[in-house]
Amino acid sequence: MIRHGHERLAGRFQAALRQIEDDLEALTPAGAWHVVILSIACIVAANYFLYHFVLHVQPLCIVPLCLAGWQTDTRNNLAGLAIL
């Protein structure tokens with residue numbers, strides 16, 4: 001159950017997620033690869049600078065990898081491997 005004050009926040013959050021999804025769907029394959037490479041470079045740089053503070057951001061690398069899989073539609077290719 002959503003409390004009265006949180007209804008607007010939940011609606012804004014859902015709208016923001018829909019907007020992000022629409023933007024990602026509109027990317028061309030070349031644009032998606034640019035986003036993947038840039039985001040991995042930013043994560044690696046952040047990990048380098050935060051390492052001395054014992055903060056690790058390597059798990060965030062899964063996000064660009066998921067984007068790459070989504071854009072290249074590997075989910076359909078992997079379904080064929082599951083049959084083997």
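Biologist: How exposed is Cys66?
Modeller: Cys66 is partly exposed, at 48% relative accessibility. Buried means under 20% relative accessible area, exposed over 50%, and partly exposed in between (1.4 Å probe, protein chains only).

Biologist: And Cys42, what's its relative accessible area?
Modeller: Cys42 comes out at 47%, so partly exposed.

Biologist: What should I know about the source?
Modeller: This is a predicted model, where local features need pLDDT of at least 70, side-chain atom pairs count only at pLDDT 80 or more, and totals for chains, interfaces and linings use all residues. Residues are numbered from 1 along each chain as its sequence is written, and side-chain values use heavy atoms, with hydrogens and water left out.

Biologist: New topic. What's the fold pattern along the sequence?
Modeller: It reads α-α-α-α. The protein chain has four helices and zero strands. Both are DSSP runs numbered from the N terminus: helices are H or I, at least four residues, and strands are E, at least two.

Biologist: Where does Asn47 sit?
Modeller: Asn47 is in helix α2, residues 29–50.

Biologist: Buried or exposed?
Modeller: Asn47 is buried, with a relative accessible area of 16%. Across the protein chain, 12% of the 84 residues count as buried.

Biologist: Which residues does Asn47 touch?
Modeller: Leaving aside neighbours within four places in sequence, Asn47 contacts Leu55, His56, Val57 and Gln58. Contact means heavy atoms within 4.5 Å.
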